[in-house]
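Please consult the sequence and the structure shown here alongside the text.

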Amino acid sequence: MADLLDYPLPKLEERFAAMGEPAYRARQVYQWLWQKGVVDPEKMTNLAKPLRARLAEELSVVLPTVARLQESGDGTIKLLLELADGEAVETVLIPEKDHYTLCLSTQVGCAMACAFCATGTLGFIRQMRPGEILSQILHARRVLEERGSELALRNLVFMGMGEPLNNLDNVLASLETITSELGLNFSTRRVTVSTVGVPDKLERLGEAGLASLAVSLHAPTQELRERIMPRAARACPLPELMDRLMRYPLKPRQRITFEYILLGGINDSPAHARDLVRLFSSFRGSKPKINLIAFNPPAQGPSLGFRAPSPEDVEQFQELLRNKDITVMLRKSKGQDIGAACGQLRAAHEFAPEP
Ligand code: SF4
């Protein structure tokens, strides 16, 4: 049975038309789902009873269940969601000064096998459907509501388990509902899709214009990128990636963010920082912004064989970039005590299932 949560509004209107129902009925149902968080057709009180019964018969709503909730000392909340087929994904609520950011998963596992990532150790298991991707937001909102949180969920980042561009159709369908005025109504400026860079798919994401772009760079040279993110680096070699990014369509004042995870002794030396400066010196797109993230070995789950960089190395790396007029932010690692980095909860669950 088709899942109501999978439908962006235009598709839902088509489906209702095929059922002989007017478009405004589809809009009413869509608003119940996404604006009021009501997923049971019986509770959609402005619909006629026969339509409610028909919806319950022909279209289901499959919400994942929360298998585990963990809260960090810094307020980060991590949910392990169990999907209908028993697979599990995680979603992480990160508190900021005046709002929450939610980190969303898009695939169960991931085929890219980046060496520093817990999700990479799982391999690709399956794609998440749009409704499953969006359910993470419904659960996060409910958790905040139940706790009477004063901070609202305002930002979304597609940075959890999976490579979003390897599930692009479903990610785009979920972005339609996320940014639709009758749906979740997030501003496109508050939604970021993070990718290692997948040729052609990158262009499709840009054309859709539904989110900002973050690129997981993590190495300043093709050689080093091949070492720590072999599949991504081979699928789109660094010179080609930078070339594609220079042509990436941006809205006024929009910039591409580059993510760079500092791995102790691997990519965190002054020579690496200078290579990075060189890489960006020929970048003729928008002025890049670099987010540096100091790697933290996972508190739970498999050991990945990497170590944290020293605070001195992080400081020096940052300074070398700043001195060359590159916008650089040092992102604080949150939820460290609960293993909130990408894929760690799911991986820990696999390795140490709850009794
Ligand atoms: S870092 Fe992202 S792309 Fe790489 S293995 Fe992990 S989830 Fe996949």
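## Aromatic pairs

There are 5 aromatic pairs, counted where ring centres of Phe, Tyr or Trp (its six-membered ring) lie within 6.5 Å; planes under 30 degrees apart are stacked, those over 60 edge-to-face and the rest tilted. One of them joins Phe258 and Phe280 edge-to-face, at 4.8 Å centre to centre and 70° between the planes. This pair links distant parts of the chain, 22 residues apart, with Phe258 in strand E12 (residues 257-262) and Phe280 in helix H10 (residues 270-281); helices (H or I, at least four residues) and strands (E, at least two) are DSSP runs numbered from the N terminus. Both Phe258 and Phe280 are buried, that is, under 20% relative accessible area with a 1.4 Å probe and protein chains only.

The pair of Phe295 and Phe306 is also edge-to-face, because the ring centres are 6.1 Å apart and the planes stand at 75°. Phe295 and Phe306 are both buried. Phe258, Phe280 and Phe283 form one aromatic cluster.

## Ligand shell

The ligand is surrounded by 9 residues, the closest being Cys110, Met112, Cys114, Cys117 and Gly162; a residue counts if one of its heavy atoms lies within 4 Å.

## Basis of the values

The model is predicted: local features need pLDDT of at least 70 and side-chain atom pairs pLDDT 80 or more, whereas totals for chains, interfaces and linings use all residues. Residues are numbered from 1 along each chain as its sequence is written, and side-chain values use heavy atoms, without hydrogens and water.

Definitions and conventions
Buried means under 20% relative accessible area, exposed over 50%, partly exposed in between (1.4 Å probe, protein chains only).
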